[in-house]
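Please read the following report alongside the sequence and the three-dimensional structure.

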Amino acid sequence: MNRQIRIIGLIALVMFGVAFVNLNWVQLVNAQHLANNPANVRVILKEYAIARGPILSGDEKTVALSVKTPTETLKYLRTYPEGPTFAHVSGYYSYVYGRAQLEATYNSWLTGQGGGLTMQQLSDQLLGGTQQGNTVVTTINDQLQKAAAQALGTHKGAVVALDPTTGDVLAMVSSPSYDPTTISGHDPNADAAAWKALQADPGKPMLNRAASQTYPPGSTFKVITAAAALQNGLGVNTSYPPTGQFLPAQTNMPIKNFGNEVCGGDMTQALTQSCNVYFARLATQLPPGALAKTARDFGFGEAPPLDISDVPSRLPTDADLKSPAFVAQSAIGQYNVAATPLQMALVAAGIANQGKIMTPRLVKEVRDPQGNVIKSKPPSLWKTAVPPEVAATLTTLMEGVVDSGTGTAAQIPGVKVAGKTGTAQNATGQAPHAWFISFAPADAPKIAVAVLVENGGNLGSEATGGRLSAPIAQQVMVADRQVRGW
Amino acid sequence: MSSDTLAPPATAEHPVSTGLRHGDTFRLMAATSSAMIGMGLVMILSASSVEAFKTYGSSFLFFRKQLVGAAMGLVALLGLSRFDYRRLRKLARPLFWLTLAGLVAALIPGIGVAGGGSSRWLTFGPVTVQPSELAKLALILVSAHVIERKGGFVGDIRELCIPVIPMTALACLLMVAQPDLGTTIITVGAVLTVLYLAGARMRHLGALVSLGSLAAAGLILTQGYQRARFTSYLHPWADPLKGGYQIIQGQIALGSGGWFGVGLGASRQKWSYVPNAHTDFIFAIIGEELGLIGTLLVLAAFGFFCYLGIRIAREAPDRFGFLVAGGITAWIGLQAVINIGAVTGMLPITGVPLPMVSFGGTSLVLTMAAIGILLSIARNGRRG
């Protein structure tokens, strides 16, 4: 009997011993990890006790701000007065789902921790005053952003407008959009319900189509094919007799023209008419790898340096370029080539800026609560895509597109506009994507615009970049002319 | 045998082999239990004040309820400590049938009261009782009684199986149906201890435990509720806002307590962050407010309680007393470890209260009644 009770005692001793060790572990060794854990409400509460700094547009409109709440626990509530208009740029600041876009990248500045504290912030922290965050000023022009959103309307797609000389992102619109306020509240259940509805929406409203989604660029890629030819000894006078189709070597799949038209001639005529067979044949005349190199020079293959998340655009692969059939398809922006609207806007901006692509700039500066600039980002060069004379030739070619080609819908009276349409085939049975890239004025560029409408918007398979997207780009450029006065 | 004072009979006032005086076991058990119940009351006041104010508009509501429970428990404790525990043998079977009836009633919709995804309660006017709490004591008493009648030895498998195992299985089945896996495990643990102390073979008990574990594993895998609890035990961080929430918030409370705690009443986690802060997770709030010092003291108190319980069993004058004391000690010790294990993330959450400390009237009254029985055994105990 004593043996049994001793064993029971021993079991008890072991159980309590294990509990003892584990308790020391949790309370002392693991304490730091627990204290800094994001699930630790105290970390969250501390952050919500800060008067998080606002996000402003380039023309000083408030895009995001924190307002005082009457509650003790979550002192500030994040709201987005512009609703869905800036959602993909500002991102959200959610109690449950964390942060995204500028709210995430500039979090430490917005909470007042980035870049060292000012004396005011330090004393607030020490004396227990309300900690005040810094202000983030974007380059987005509020009026232009709204004009772009309005021009895009209910189409699924994106508009990106850049200042070619500075790289400033003047507008970045993705549609459909969402209201970040709905998921940035203080009621976790309401936020979760809104979040789930957004996630379940087949229109993917939280996807930033402007920078985080690639599409086959279609004929807009012919600008890059032309740039590759011009740098490899095939000038604007390179002519091919007009044909209805072109059959590259080693294949029985011919390249056809849009609507089975017959076209050809020199490069000017070919680009004006967006002639598929011409550029397909032109690309097969290029040295191996030349097309990929030019695309890379324009930024394909790497994510442009941007303050919010973006993805790289896809180059024709080396394997693709070994087969004449795939070279021909790549030359007209099909097969494995894919680009974000941001990338195509950068292509237009690079040609507009004499071949030099400026780094896309989304945030102009950060100001402390007293209004002093504590961080600023001067314009910088990202890539030299083509030499100035090639850029000049491409500009002339693109002016022809708007003057008398597929892009006439982008004309602005009294202003020279350069552009290129694109109507990209994607999955069979689906309407093509409608593209337009452009800049204006062509002789002294102020703005470069890329427009993408997914699956032809409501024009269905009849959609072409020229009919659907060119007018949207035109409206954005006209709006910019009025807003910024050029 | 009857005495008018709480003190043990003068005949026991002789030194025992371990150096403790015989009467000391009685006194130390009484003191340890009182200290823990007192501490429990203080911690319930602290941990429940926010929840009570938010829900009922008075910070003292849970505290007052627990105070009533403690008063009733004290009556039970004092009464039973003076009552000759041997006479409980007559009560063992009726108590068992009463428990079964209560467990069945709790499952019947309309009679039983559900809460937190489980139907565990019965209501009588203003009083709500939890029959599964009674099951632990009833099964210990009935097992010890039946074994004693068999001559106090269950080395034979047939002796072992009839009738203790079916009785326990029946009660456990009803508790699993609620579901209340935690109380089931504790009940099984206590009965197994009684059987082991009565001389059951390790291999027999091993086979029973394997069978029971298999059944438990089957239960965990087939029932979404149990499986979710087990998954969040293994990976609390996989879903920190849902399944893993309680585990994580409990650990955050413990972790922020550090060595000395944030101070009594100063917990932040009790502000609606740790669910069940005053019941199953009161240990987390003790850790936050009183630090490692506080939690280790509680742990040490339970360890000491078990030590005293084992001493009482060893010194018990008869086999029934020996088995009952062993069973009660195993119950309270196991329940403490399972509760603390769940709060520290060592064991899955099964929703059992910390004995003597957690909020819960039925639990407190019955635990104090069990302590009364322990004291009665101690009072009649022979010298070691």
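This is a predicted model: local features need pLDDT of at least 70, side-chain atom pairs count only at pLDDT 80 or more; totals for chains, interfaces and linings use all residues.

## Chain A as a whole

Chain A is built with 17 helices and 19 strands, and 57% of its 486 residues count as buried. When contacts in chain A between residues at least 6 apart in sequence are considered, 68% of them join residues at least 24 apart.

## Nonpolar cores

The largest nonpolar core holds 110 residues, and the members that touch the most other members are B:Leu195, B:Phe302, B:Ile328, B:Trp331, B:Leu354 and B:Ile373. Helix H11 of chain B, which spans residues 282-314, gives the most to this core, with 16 residues. A second, separate core has 95 residues, and among them are A:Val89, A:Tyr106, A:Ala226 and A:Leu452.

For B:Trp331, once residues up to four places away in sequence are set aside, the residues touched are B:Lys136, B:Leu137, B:Ile140, B:Ile186, B:Ala190, B:Leu366, B:Thr367 and B:Ala370.

## B:Ser376 in helix H13

B:Ser376 sits in helix H13 of chain B, which runs over residues 361-380. Because its relative accessible area is 0%, and buried means under 20%, B:Ser376 counts as buried. Apart from neighbours within four places in sequence, B:Ser376 is in contact with B:Leu80, B:Ser81, B:Phe83, B:Asp84 and B:Tyr85.

## Cavities

Rolling a probe the size of a water molecule over the atoms shows where empty space is left. In this model the count comes to two cavities of 30 Å³ or more. The largest cavity contains about 40 Å³ of space, and its lining is formed by B:Asp280, B:Phe281, B:Ile338, B:Asn339, B:Ala342, B:Ile349, B:Thr350, B:Gly351 and B:Val352. Sorted by class, this lining has five nonpolar, three polar and one charged residues.

The second largest cavity has a volume of about 40 Å³, and the residues that line this cavity are A:Glu47, A:Tyr48, A:Ile50, A:Arg52, A:Ser66, A:Tyr76, A:Arg78 and A:Tyr93. Helix H3 (41-48) and strand E3 (76-79) of chain A each supply at least two residues of the lining of the second largest cavity, which divides by class into four nonpolar, one polar and three charged residues.

Terms used
Residues are numbered from 1 along each chain as its sequence is written. Chains are lettered from A and ligands numbered from 1 in the order in which they are written. Side-chain values use heavy atoms; hydrogens and water are left out. Helices (H or I, at least four residues) and strands (E, at least two) are DSSP runs, numbered from the N terminus. Buried means under 20% relative accessible area, exposed over 50%, partly exposed in between (1.4 Å probe, protein chains only). Contact means heavy atoms within 4.5 Å. On a 1 Å grid over the protein atoms alone, a cavity is a set of points where a 1.4 Å probe fits but cannot get out, and a pocket is an open set with protein on both sides within 12 Å along at least five of seven lines; lining residues have an atom within 4 Å of a point. Grid points are joined across faces, edges and corners, and a volume is the space filled by probe spheres set on the points. Ala, Val, Leu, Ile, Met, Phe, Trp, Tyr, Cys and Pro count as nonpolar, Asp, Glu, Lys and Arg as charged, and the others, Gly among them, as polar. A nonpolar core is a set of buried Ala, Val, Leu, Ile, Met, Phe, Trp, Tyr and Cys residues joined through side-chain atoms within 4.5 Å.
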